[in-house]
Amino acid sequence: MQDHELVTLLLSLAAFQENNGDCAMYADETAAAWLRERGLDKLFRRGLKPLQVPEDINASVFWAAGKLCALKAEELPSVMIDTDLIIWKDLAPDLKSRSIAVIHREDLREEIYPDPAGFKMKEGYARPADWDLTEKAANTALLYIKDSAFRDAYVGQALDFMENCLEDSDRLCPMVFAEQRILPMCAKQRGLELYSFVDSMERLAEQRSFTHIWGHKDVLRYNTEERRSFISRCMNRLSRDYPGVYAVAAGLKELEEYA
Amino acid sequence: MGKIFTWLDRRKNETDSAYETRIGSLAAFHAGYAFLTLENYIPGLSAFAVHIVWNGEFNSKLAYPLPPSGFMLHISGQEAEELIRQHKAYPVYVSCFCRLGRLYMDKLYADCGAFDHEMYYNACEAIPPEGAVFEAMKADERLRSSGLPAKRRGSGRRFGRGSYLTGSGYRFGKGSYRTGSGYRFGQGSFTTGSGYRFGRGSFVTGSGYGFGYGYGSGGSGYRFGRGSFVTGSGYGFGYGYGFGGSGYRFGRGSFVTGSGYGFGYGYGFGGSGYRFGQGSFVTGSAYGFGRSSYLRGSYRRGSYRPGLMTEGPAVGMIAAPAPVWRNSSERIIRTSPRIIEELGYGLGLI
C-alpha cells in the first residue's frame, strides 16, 4: 500500500467510525501482518478478521474476490466499503427502511460490462436463467445488506461465477461482472429494491457526502505534485478532525514527511 | 543499451537514506519518446495530450511503471504547429526520486529542440499516432540537466502544401491558394476553440443538420478525433465529416460547414477559427466544397469559388493563453476529458 492509499484508508476509517460505527478489516495473513507492523490494527475498533479466498478462484482476474468472501463471513446488517471511499455522513437515516443499498448505479457500458455470454466458462456452468441482463450495474464501493438470505444468494451466485470462469487476462470485466452486475440481478430475482445513495451519475460531482478516489488513483500514482498535495490535505484533515488517527499516521514512515 | 539505467539500481549495502540521496542527485534520464500530433492538440487548453513510448528497461525500475497516455504538455498553438510540422518523436527526460527503497517519477519533460517542455500526468487520453514506426531505441548515454530555459521562436504563420486559406496577407507553400496577407500555416492546420473533446466516432447534433457516413455535430468548441462530423447552424453533408460553428478541431479527414453549406467527399468547412489535419478544406461564411463535392446553390461540382470566400478565418493557430489554475487538483480535474466517475468524485470534500 502506497502513501496516498494508506492516508486514504486512514481517513476513510476515521470518518466512518466517527459517523457510523465500529469497523473491522478483513485481511489475509500478509495484509494483517503489514497492518500490525504499523500499529494500524488497533485503529479498527472491531479489529482484524481473517480472510480466505477459495484457491480455485483466479486471484489475478478476480482481485476483489476477497470482498465477497468478507461479506460472506460478516454478521448482518452490515456496510462494506472500499478503502478508497470516505463517507462523511451518518448513513442510518437512509438505511433504516432499506434492505440493500449501494452508492450509485452504473450504465452498462460495453467496454466495462460486455455481454457475459462472451466470457470463457467451464463446461457445465449455466448462469441463472432469470438473470435480467438489462439491469444496470451497481457500484459496490459502498454496499449495505440487511438480510443473510439475500447475502447468501448474491455471494453464492458470484462465487459460483468466479469459480467457473476461465478468463485469465481480462482484469476488469469478469471482476466487475461478478461483483457489480450479479448484485442487482440477484435483487431483481427476489423482487428486492436496490437503493442508491446517489441517484444519478450526474449528481456524483455535486453531492457532499462521499469522496471516492477511484480513477484519481492513477493521477496520484503518476503525478508527484498532485500526490503530495493530496496527502498533505488528507493529513491536515486528520490532524484537524481525527487527532487520534493523525497521531498514528504521523508516526508511519510512509507519511512522516507530511507530519 | 540500458547500461545507464543501472545507475538507478540500489548498490550493495546502500542504506535507504543513501539510496534516496543518490537518486535525488541524479539528472534526468532519457526515458522515452513523445509524439505530439495534430489529433492530440487541445486548442482551448493550449496543450497536447501526449502519447509516449517508454524505454522498457527504465520503466520496469519504477514502483509505478508509466503509462503511454495521460500526460499533458502546455504550449501555444503557434509553437505546437511548428512541432507537429516536424513530424517526429521528441525525446522525453525523466528525473526520479526514491522513497522507502522504491523509485518514482518526479518530473518529466520533452526535448523539443530549441526548448524543453515540462509535462505532467492528468489522465488525459492521447490517440496513439498512426503509422509511427517504433524502432528499438538506444539509451541516450548523455545525461542532461533539467529545466533548460525555453527559447521562443519568432512569430508567424505558414501554410504547407495543399493548404487553402482566405484572408489577408497569407503566404502559402506549394499548392496553396493565396489571398490576402500575413499568415504562414503548417500543413492544412490552424486552431481555435476550446471545450469539448470527443473520442473517435462521436456524433453530436447541434442547431443545424448533420448528415454523413461519419458523425455530425453542432455548436462550438469541439474537438473530434478522427472521423468526426460536425454541422453547425448550417448544413453539413459528406461521406467524411461535416462541421459548423466555430472553434473546432478535427483530426484527419474532418469536414466542417459553417453558417453556410459544406459538402464533400473529403472535407468542407465553414465558420471561423478551425483547425484541420491533412487534407482539410476550409471555407468561410460562404460555401465550401471538398473534392468531388457539390452544393445546391451557386457552386457546381468540384468547383472552388475563392471570390466568395471572403470571410475566411481571420487567424491561423490560436495562441490561447494557458489557463490559470488555482491549485493542482483543479488543473487535474478540469483538463481531463474522462467521465466523472473514472476521475473520482468528492475530492474537494477532503
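Predicted model: local features only at pLDDT ≥ 70, side-chain atom pairs only at ≥ 80, totals over all residues.
Helices in this account are DSSP runs of H or I with at least four residues, numbered from the N terminus. Helix 1 of chain A itself comprises 17 residues, and the distance from its first C-alpha to its last is 24 Å, close to the 24 Å expected at 1.5 Å a residue. The helix is mostly covered, with 14 of its 17 residues buried.

Chain A contains 10 helices and eight strands, whereas five helices and 16 strands are assigned to chain B. Of the 259 residues of chain A, 53% are classed as buried; for the 350 residues of chain B, the buried share is 57%. In chain A, 79% of the contacts with a separation of 6 or more are made by residues 24 or more positions apart. In chain B, 60% of the contacts between residues at least 6 apart in sequence join residues at least 24 apart.

The interface between the chains was examined next. The size of an interface is often given as the accessible area lost when the parts come together. Between them, chain A and chain B bury about 3100 Å², of which 55% lies on carbon and sulfur atoms. Chain A contributes 41 residues to the contact and chain B contributes 31 residues. Nine residue pairs are in polar contact across the interface of chain A and chain B, with both residues at pLDDT 80 or more. On the side of chain A that touches chain B, the elements giving two or more residues are helix 1 (3-19), strand 5 (100-106), helix 7 (201-204), strand 8 (210-212), helix 8 (216-222) and helix 9 (224-241). Helix 9 of chain A gives the most to this side, with 10 residues. By class, the side of chain A that touches chain B is made up of 15 nonpolar, 12 polar and 14 charged residues. One salt bridge is counted between chain A and chain B. A salt bridge is formed between the side chains of Glu257(A) and Arg99(B), with an N to O distance of 2.9 Å.

Over all chains, the structure holds 26 salt bridges. Side chains of opposite charge can pair when their charged atoms come close. In one such pair, the side chains of Asp22(A) and Arg45(A) meet at 3.2 Å, N to O. Asp22(A) counts as partly exposed because its relative accessibility is 41%, and Arg45(A) is exposed, with a relative accessible area of 52%.

A further salt bridge joins the side chains of Lys67(A) and Glu179(A) at 2.5 Å, N to O. Lys67(A) belongs to helix 3 (residues 65-73) of chain A and Glu179(A) to helix 6 (residues 173-189) of chain A; the pair therefore ties together parts that are 112 residues apart in sequence. Both Lys67(A) and Glu179(A) are buried.

Helix 6 of chain A also carries Lys188(A), whose side chain meets that of Asp132(A) in a salt bridge of 2.5 Å, N to O. This pair links distant parts of the chain, 56 residues apart, with Asp132(A) lying in the loop between strand 5 and strand 6 (137-145) of chain A. Lys188(A) is partly exposed, with a relative accessible area of 43%. A network of salt bridges links Lys188(A) and Asp132(A) with Arg105(A) and Glu135(A).

Arg22(B) is found in helix 1 (residues 16-25) of chain B. With a relative accessible area of 11%, Arg22(B) is buried, since the class of buried residues covers values under 20%. The side chain of Arg22(B) reaches the backbone oxygen of Asp9(B) at 2.8 Å. Residues up to four places away in sequence aside, Arg22(B) touches Trp7(B), Asp9(B), Arg10(B), Arg11(B) and Glu14(B).

Technical notes: Residues numbered from 1 in each chain as written. Chains lettered and ligands numbered in written order. Heavy atoms only, no water. Contact = heavy atoms within 4.5 Å. Buried area = accessible area lost by both parts, 1.4 Å probe. Salt bridge = Lys/Arg side-chain N within 4 Å of Asp/Glu carboxyl O. Polar contact = N/O pair within 3.5 Å; in protein donor to acceptor, adjacent residues only side chain to side chain. Nonpolar A, V, L, I, M, F, W, Y, C, P; charged D, E, K, R; others polar. Expected span 1.5 Å × (residues − 1). Buried < 20%, exposed > 50% of the residue type's maximum accessible area, 1.4 Å probe, protein only.
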